[in-house]
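Here's a quick walk through a few spots worth a look. Open the viewer and follow along.

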Amino acid sequence: MLKKINIFITILFIGFYYVSSLMPNRIPSIILTIGAFLIPAILCFISMIIEIKKEKEEIKKYKIRVFWVKLLLFIYLLFLVSIVFFSNQYRMEYDFEIFSKEHMARINIIPFKTISNYFTGDIAFSIIIMNLLVNLILLTPLAFFVIILYKNKIKNWMNFTIFILIFGIIIEILQFLTCTGAADIDDVILNTLGALITYLILHLKFIKYILKKVLDYSY
């Protein structure tokens, strides 16, 4: 029953968000965007804990955990698409043709070029903080999903770093090809740094202890 209820709530909230975001001349607020995905995610996480705590058999606990974490991963990926490719208060729209001069100017392959521009004083402080925080946080949930679902394939921090680098580069390429954002190596650097820090934090002894108690999961 919990699974059906949570799937229904997820479809309802995220469906409402996508319908509203596709309406002409309407840009969803950051609060609406985060809320539409965070509420279903929190409910799914709580439901996962409840089901795991009720179950006695380890195999069934494993299946429960995998189901809910995959559902959380699905919600996160939809959120990622909304942030990276849909119109919102964070992402700027660009009105130019693909591979035009203006389009090509949105490429930055020089590490720390964009970040260094933040210290010139020409960019508003609020924009700097927003860009840094969003890029640092954007891929951090992948650390949790990798540890739970793919720890046998991505076994250490080096493998994880390579995975995040590739993932981040793919996002930048897709943003460039769809004209939904700039292709910036600094975004990849910040994405990777934020995700790697999270991965390392999740491997601290007291964090592993908490996950063992909450999700009955060891790694």
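## A buried glutamate, a helix pair and a pocket

Glu172 is buried, with a relative accessible area of 7% (buried means under 20%, with a 1.4 Å probe and protein chains only). Glu172 sits in helix α8, residues 157–177 (helices are DSSP runs of H or I, at least four residues, numbered from the N terminus). Leaving out residues up to four places away in sequence, Glu172 touches Ala182, Ala183, Asp184, Asp187 and Val188, where contact means heavy atoms within 4.5 Å.

A word on the source: this is a predicted model, where local features need pLDDT of at least 70 and side-chain atom pairs count only at pLDDT 80 or more, while totals for chains, interfaces and linings use all residues. Residues are numbered from 1 along each chain as its sequence is written, and side-chain values use heavy atoms, with hydrogens and water left out.

Now the helix pair. The axes of α1 (residues 2–21) and α2 (residues 30–54) come within 9 Å and cross at roughly 170°, so α1 and α2 are roughly antiparallel (over 145 degrees). Among the residues that meet are Phe13 and Tyr17 in α1, and Phe37 and Leu43 in α2.

On to the second largest pocket, with a volume of about 650 Å³. Of its 22 lining residues, Ile34, Leu38, Phe79, Ile137 and Pro141 are the closest to its centre; lining residues have an atom within 4 Å of a pocket point. α2 gives the largest share, 7 residues.

Key: Axes fitted to C-alpha atoms, helices over the stretch in contact; angles between N-to-C directions. Helix = DSSP H or I, 4+ residues; strand = E, 2+ residues; numbered from the N terminus. Parallel < 35°, antiparallel > 145°, perpendicular 65-115°, else oblique. 1 Å grid on protein atoms, 1.4 Å probe; cavity = no way out; pocket = protein on both sides within 12 Å on 5 of 7 lines; lining within 4 Å. Points joined across faces, edges and corners; volume = space filled by probe spheres on them. Buried < 20%, exposed > 50% of the residue type's maximum accessible area, 1.4 Å probe, protein only.
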